[in-house]
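User: Got a model open here. Can you walk me through a few spots?
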Amino acid sequence: MGGEYLIVLIFILFIGLLATGMSVPYAILLPGVLYLYLEGGVGALHGLGITTWGSMDAYTLTAIPLFVLMAELLQGSGVGMRVYTGLSRLVRRIPGGLLQTNIAGCAMFAAVSGSSIATAASIGQVALPELKARKYDARLATGTLAAGGTLGILIPPSIAMIVYATFTETSVAKLFMAGVIPGIVLTLLFMLYVAVKALMQPDIAPVERGELTWRMVWRSLVDIVPVLLLIVGIMGAIYTGVATPTEAAAAGCLFALGIAIAFGNLTWTELAGCLKRSTLMVSNILFITYAAFVFSYAMSYAGVGEAITEFIVEMHLSKTGFFIALLILFTALGALVESLGMIVITVPLLYPLLAAYGIDPVWFGVVVVLFIEMGQITPPIGINLFVIQSISRGKLSDVVVGTIPFHLLMFMLLLMLVVWPELALWLPNHISNK
């Protein structure tokens, strides 16, 4: 069988395994190993040892377990609930009420979790009972939580950005800084939409009553400021060059532990639970990363990357045409593959094309993450849809319909990034540890 036909069959097998519901890392790993064996025999498998070592021997990846543990400590100790409660007091009088708290809470928790799923699940568990009790519109309530959760992979620290940096050898610090302004802009777009919607249709969000006293403001600040200082400290240390992302994450874990003890309800049992949940989550992330390195090695062995690069270059696509092709690609993948899977499948193949189109890899990293955000709320695989639906125990269709306006807002941000690349590049270009 010719090499080209074998590659096509391997990709069909890969899509087929995903369609049958096989776990993403296995669906990536098995076709890669099978191709190596069929094409090069046992000799081709010898390279798996070096690939295995090289995939995990990456200093960049050490930040992932630290950021995951930091988020687990804050959420497991109840600090996350205190932050949501504090925010609800401050923003409840804004049109949209608790829906605005959903967006603000997701944005703030995103700045410590680095994970879309963790953000959506954490805020959703706290918010949905209150939203139901106060008779908020079910579609908009679940939509704000599913879409707000996607901020977890755009607002730094972002696990998706760390994985992207691992495959492209791009500075994690610059990627983190590149996500700050787009993350803030997207948060404000979400909140603006909710406010306008609530003003036009007052029945979807009951007006929150009660006076906001100075005592309530003080209580809210006590709930919010410790975590806010943690976020500012981490990002400030990275921006000024005082610490690398991994060092900042390690320090963040220690401070998060202190916050969990002082302001939360962290017990020895809950600490053990945090460590267990962190281990399971990190193991899954690293397994996906490892599987992707093996698949990437197989595609490199087959020369797929060079062939795709040559094919696209020979098509003479304009930069606009290239972006349209990316949009179609990621929209299709978003309906089939979860976030990290999208990165590890596409980035090794697309990265060589960036130089041909004069695209900054840091800017491209933010665009890829934005595409992945859309995938998180794109049926049928959009994981955030199922996370929120399982918590709300409502109709999945309500969650899907509720996220549609937020899809459009993400497209708006994407257009803004294309027209004004400095939205993403201004902070990285001024970072101290270049």
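**A loop and some helices**

Analyst: Start at Ile 94, in the loop between helix 5 and helix 6. Helices are DSSP runs of H or I, at least four residues, numbered from the N terminus. This is a predicted model: local features need pLDDT of at least 70, side-chain atom pairs count only at pLDDT 80 or more, and totals for chains, interfaces and linings use all residues. Residues are numbered from 1 along each chain as its sequence is written, and side-chain values use heavy atoms, with hydrogens and water left out.

User: Is Ile 94 buried, exposed or partly exposed?

Analyst: Ile 94 has 35% relative accessibility, so it counts as partly exposed. Buried means under 20% relative accessible area, exposed over 50%, partly exposed in between (1.4 Å probe, protein chains only).

User: How far apart are the C-alpha atoms of Ile 94 and Ala 195?

Analyst: They are separated by 7.2 Å, though the two residues are 101 residues apart along the chain.

User: Switching to helix 5. Which of its residues are buried?

Analyst: Val 79, Gly 80, Val 83, Tyr 84, Gly 86, Leu 87, Ser 88, Arg 89 and Val 91.

User: What covers them?

Analyst: The cover includes helix 4 (63-76), helix 6 (98-113), helix 7 (116-133), helix 11 and helix 12 (245-263).

User: And at what angle do helix 10 and helix 11 pack?

Analyst: About 125°, with axes 10 Å apart, for helix 10 (residues 172-200) and helix 11 (residues 214-240). Axes are lines fitted to C-alpha atoms over the stretch in contact (heavy atoms within 4.5 Å), and angles run from 0 to 180 degrees between N-to-C directions.

How values were computed: Helices (H or I, at least four residues) and strands (E, at least two) are DSSP runs, numbered from the N terminus.
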